[in-house]
Amino acid sequence: MPALSAPAALPRFRHRWTAVAGLLVLSPISAEYLIGYGESTGRPLELLAGLLILAPLYGTVAVLIREITRRTGRGWPTILLLSAAFGVLQAGLVDQTLFDNEVDADDPDWATQPLVTLIPGTGVDAASLLNYVGGHVIWSFAAPIAVVESCAPRIANRPWLGPVGVGAMVSLWALSAALIFSDSAADSTAGPAQLIGAAVVAIALIAAAFTVRPARTQSSAKAPSWWLVGGVTGVAWCASQLLPATWAGVTVNVVAMVVLGWLLLRWSRRRDWGRRHVLAAAGSALLVRAGLSFLVEPLGDNVDFTVKYAVNAAMLGGVAALILMAAHRLRRQEPSAC
């Protein structure tokens, strides 16, 4: 792994720690709260209290992924691969939900559907794999990183943490992961082979993250409008959330994500591709997730739906305001960008 040498001069403390705090909070909100599936959706104070655990669990990883990538001079392929690695670690080793195939009959319909996409010999459901690991890649880490960097464009390519800050993030994550592991391991059905397999996959993804580098060549073709990028990615994110948990749904989902990845890679190599395009792709992911929350029935029997819809609306409004602020800041920095 490349050395993480401290830069000669970090950005001003206030600027970089405002960005770090924003990512610490946006990552868990995007991962757990925007879709509105949790029983605490109808209890705003409980949502706030939950950030004390979720921010160290998700937010620190998002900060560290971004920090490692920027310090080593790599780009979005590294961010996505590291996000996938931590997604496997989280779902396969920390909370071990990847191997939990039991359902509670008292849960809503979306949580009690029979698992029909079990991968033989692994004990892993393919639809759940896409939901957990793919969800971490997009909503836990990549999209929040892109949006927060867009809010701080002047320091987006620079490290935000010194050695003490990096150590603090690692310590907070380790503590929160240990708490979650101790709570879930006793009830876990995962066997040693499954846990070892998850660890091997995570290590392979980390190794791949430090092998790939951004493409140096650039196409002379003009990049599409960032509105088009946001529209195409928004449709793809929406489809990934609404497709049924069947082999047909999983197949279509995988094909759609591969095609979307190919399109984004191709577009990103064109001239005039910039941070507005990245914000459009990431912002559409957050907007879709927040918008679909109105259709999701939360877990639990004691949810006040009036409060739930108010929380959903507040989340959607907050995401929209954040994206508009990021777009405004990018426009001020890049006034000629289309």
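How many residues has helix α4, and how far does α4 reach from its first C-alpha to its last? Helix α4 (residues 126-151) has 26 residues and reaches 35 Å between those two atoms, close to the 38 Å expected at 1.5 Å a residue. This is a predicted model, in which local features need pLDDT of at least 70 and side-chain atom pairs count only at pLDDT 80 or more, while totals for chains, interfaces and linings use all residues. Residues are numbered from 1 along each chain as its sequence is written, and side-chain values use heavy atoms, with hydrogens and water left out.

**View 1. The chain as a whole.** The secondary structure comes to 10 helices and 4 strands (DSSP runs numbered from the N terminus, helices being H or I with at least four residues and strands E with at least two). The radius of gyration, taken over C-alpha atoms, is 20 Å, close to the 20 Å that the globule rule (2.2 Å times the number of residues to the power 0.38) gives for 338 residues, so the chain is as compact as a globular protein of that length.

**View 2. Helix α4 and its kink.** A kink of about 40 degrees is centred on G135 in α4, the bend being the angle between axes fitted to the seven residues ending at a residue and the seven starting there. Of the 26 residues of α4, 21 are buried, that is, under 20% relative accessible area with a 1.4 Å probe, protein chains only.

**View 3. The largest cavity.** The largest cavity has a volume of about 50 Å³ and is lined by L57, Y58, V61, F86, L89, Q90, V94, F141 and W173. On a 1 Å grid over the protein atoms alone, a cavity is a set of points where a 1.4 Å probe fits but cannot get out, and lining residues have an atom within 4 Å of a point. The largest share of this lining, 4 residues, comes from α3.

**View 4. The second largest pocket.** This pocket, an open set of grid points with protein on both sides within 12 Å along at least five of seven lines, has a volume of about 560 Å³. Its lining comprises 17 residues, of which H15, C151, A152, P153 and R329 lie nearest the centre of the pocket. Helices α1 (13-33), α4 and α10 (305-333) each supply at least two residues of the lining, and α1 gives the most, with 6 residues.

Terms used:
The expected span of a helix is 1.5 Å times one less than its number of residues. Buried means under 20% relative accessible area, exposed over 50%, partly exposed in between (1.4 Å probe, protein chains only). Grid points are joined across faces, edges and corners, and a volume is the space filled by probe spheres set on the points.
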